[in-house]
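I open this notebook to record what I looked up in one structure. The entries follow the order in which I took up each topic.

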Amino acid sequence: MFHIVQYQPLRLITQSSLSSMCLKLMPLRPVAFAQIWKSWFSSYSLVGNKNIILMGPPGAGKTTIGRIVGQKLDCPVIDIDDDVLETTWNMSVSEKLQDVGNEQFLEEEGKALLEFSASGSVISLTGSNPMHAAGMQHVKKNGIVVYLDVPTTIIMSRLKSMKVDRIVGQSPSASLKDILQFRKQFYKRWCDIRVLCGGDITAEIAAEKVLDAVKRYQNSELETFISTRSSRSGRSMEKNSDKYFSDVVTQGLASDGGLFVPEKGLPKFTAGEWESLIEATYVERAQVILERCIHPADIPASKLAQIIETAYGENFACSKIAPVRHLTGNQFLLELFHGPTASFKDFALQLVPHIFAYCIPKSCNYLVLVATSGDTGSAVLDGFSRLHDTDRQRIAVMIFFPEDGVSPIQKSQMVGCQKENAWSVGVKSDFDFCQTAIKQIFTNSDYTGFLTVEYGTALAAANSINWARLLPQIVYHASAYLDLVHQDVIPFGSPVDVCIPTGNFGNILAALYAKMMGIPLRKCICASNENNVLTDFIRTGVYDLRGRKLIPTFSPAVDILKSSNLERYLHLIANEDGQLVTQLYNQLENQGHFQLQEDLLKKLQQDLVAGWCSEEDCLAAIHSVYSTTGYILDTHTAIAKVVADRLQDRACPIIISSTAHYSKFAPAILRALKIAEINQNPLSQLHLLSSYSPLPPVHWGLLETLKKKGNEDYQIIHSRDTSTAGFPWQCCLLCKPEASSMEERR
């Protein structure tokens, strides 16, 4: 058995010998090793008895980077190819491959790995080691597996320069590129940490990134969350009550009424790291971005990869998931409606239920409460219905929507998506009431205590007040920019504007977060309908609800006056001054308005510009775009199109977020296109639209939902029941656990 336990490097590694061992495409720069890392790193403090195991395709630089990491840590370095396989076989790896063939080679390689043991070392695997499950399970038991993720085009270029024309698994029917792509599934399966190594990154920098990533992996306590209303002095006194990602996913709202944000901000990507994702698929981009935002102590990278692949798979009608389509001139549409319920909410709500189910204690029951202005409701119901049976048995969902404030098709979706653990409740009030009532439920200790004691059930939220809802939205804004680069519309680094129909401020906040993480966004344009409180606020710094009533419009998803996620943004530009945020929102609650200080308004206006659109202009835009392009915008996208036309200066491309499919708003679309409605039935309206062969086609998932004859009964809370003080107890009556069926609960 090959076994290393002593502190003894296998080779004498010097500065000069390192240079000769580097890959040609990864040149070393002179570096004073003694001055870097060793001041605080040692093999004991960073690794202990664990190994750092470097994994990746051939040509990723595992051997070179491993030697540098080993020298920085002053610990043994083992190259599986040179130090294990060739020593065991008494022949070169290439000779062995030629001798036994692909399948037998993998088996022989795996057997050698099973006989290998080491501790406190840096180990460089072969490119094919991860394809042998038993061997990888063996080495992973005592190691942290680091995936050196290098774009396939760079790998192929390196292999060509190294005159490597064959790797394990290659055959006349399988190209080198195909094999490299095939192997990625194994790298994702085994990795604990991913390190992006794209562009012209040197081996030294890659080694430093490996050490940074290992340090992060071993220090989960560094990634805590705070409330937007917590004071700095209060945080320093409450170190024992730190909140981590798993906590904020399950808790939803902070106990002081604030929203959770990461204490140390979001991770930053270098330009080279973003560029390494240009050729990646949407799922691959999501995995990389979310791995940086979610600590592996909360969700391991391999599990997160499974969740993401489940969330963005065959349930999306378009293989690109969030494609970017050219509209006209320098305007592009980010199509966010290809999910099962036809709106951008699917991006979060196909993912978050699986994250939630993973993070909550397995022995607990949860009731997820959601307020919706339309699209969130059906997306929540669909997303939670896709959980495994065991998870559905312990997680129930209740959505509340304004009974007269959603489109007929949206209501049909929400009612039709009800399941044995998921219920829709219409409220004879507006969205702001639903949202405020749910916030009060979470801070009502009498009610939460009653649920815990009587029913063994805890509350959770799936609205955009939940931090996990925002992360998938960051992904699609970043991906849209990378798509424009990939399509040669712009070179990386050139700015673009985004224009987003905005109600609760979550979608546009995610764009701002993407900008903070390194995506070159210039202007973020906030587009409102006639409920234009955000437009007034961004222009004046005054958030004023006095005398303002909600106006029902053709774009109900942005029929919102109290924008919850604005609080997170104000906390950001106020340099995390929770006391100021508390003061502003107390004033809004008690007096109906607040005003930003001049310095904060200037900061805000550096990031945001805003405009609004009338109902007439919205319908006119739908008609105009269809007449000139054959493409049908939904009512929300039309708002953004109108505002973009008014506010963009045409100095750079602009990406308009198309947040919903027009099929959800068929009556308004028929009116805009001057088509007489022949039937008020939603399904008939969609068939009528489909007869015009529009672009994009009528949404498949929506058609299927409307065709199903589900239970059309649902609970309505009437106006006489809608004081926010009484709302929690109305909820209690609706979700009694002893009611064994939905009919009994009604």
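**Entry 1: serine 563.** I began with serine 563, which is buried at a relative accessible area of 3% (buried means under 20% relative accessible area, exposed over 50%, partly exposed in between, with a 1.4 Å probe and protein chains only). The model is predicted: local features need pLDDT of at least 70, side-chain atom pairs count only at pLDDT 80 or more, and totals for chains, interfaces and linings use all residues. Residues are numbered from 1 along each chain as its sequence is written, and side-chain values use heavy atoms, with hydrogens and water left out.

I located serine 563 in the loop between β18 (542–544) and α26 (566–573); helices (H or I, at least four residues) and strands (E, at least two) are DSSP runs numbered from the N terminus. I found that its side chain reaches the backbone oxygen of glycine 503 at 2.5 Å. Leaving out residues up to four places away in sequence, I listed the contacts of serine 563 as Gly503, Asn504, Phe505, Leu534, Tyr543 and Tyr585 (contact means heavy atoms within 4.5 Å).

**Entry 2: helix α26.** I then turned to α26, which is largely enclosed by the rest of the structure because seven of its eight residues are buried. Among them I noted Leu566, Tyr569 and Ile573. Just after α26, asparagine 575 takes a positive phi of about 55 degrees.

**Entry 3: nonpolar cores.** Which residues touch the most other members of the largest nonpolar core? I recorded Phe245, Trp274 and Tyr312, in a core of 123 residues. Helix α23 (residues 467–486) gives the most to this core, with 13 residues. A nonpolar core is a set of buried Ala, Val, Leu, Ile, Met, Phe, Trp, Tyr and Cys residues joined through side-chain atoms within 4.5 Å. Beyond four places in sequence, phenylalanine 245 touches residues including Phe225, Ile294, Trp467 and Leu471. I also noted a second, separate core of 39 residues, which includes Tyr631, Ala640, Ile675 and Leu703.

**Entry 4: cysteines.** I counted zero disulfides, taking a disulfide as a pair of cysteine sulfur atoms within 2.5 Å. Cysteine 618 is in no disulfide, and the nearest cysteine sulfur, that of cysteine 613, is 5.3 Å away. Cysteine 618 is buried, with a relative accessible area of 1%.

**Entry 5: a sheet.** Three bridges join β3 to β5 (residues 122–124), and valine 77 has valine 122 as its bridge partner in β5.

Terms used. Polar contact = N/O pair within 3.5 Å; in protein donor to acceptor, adjacent residues only side chain to side chain. Pairing = 2+ DSSP bridges.
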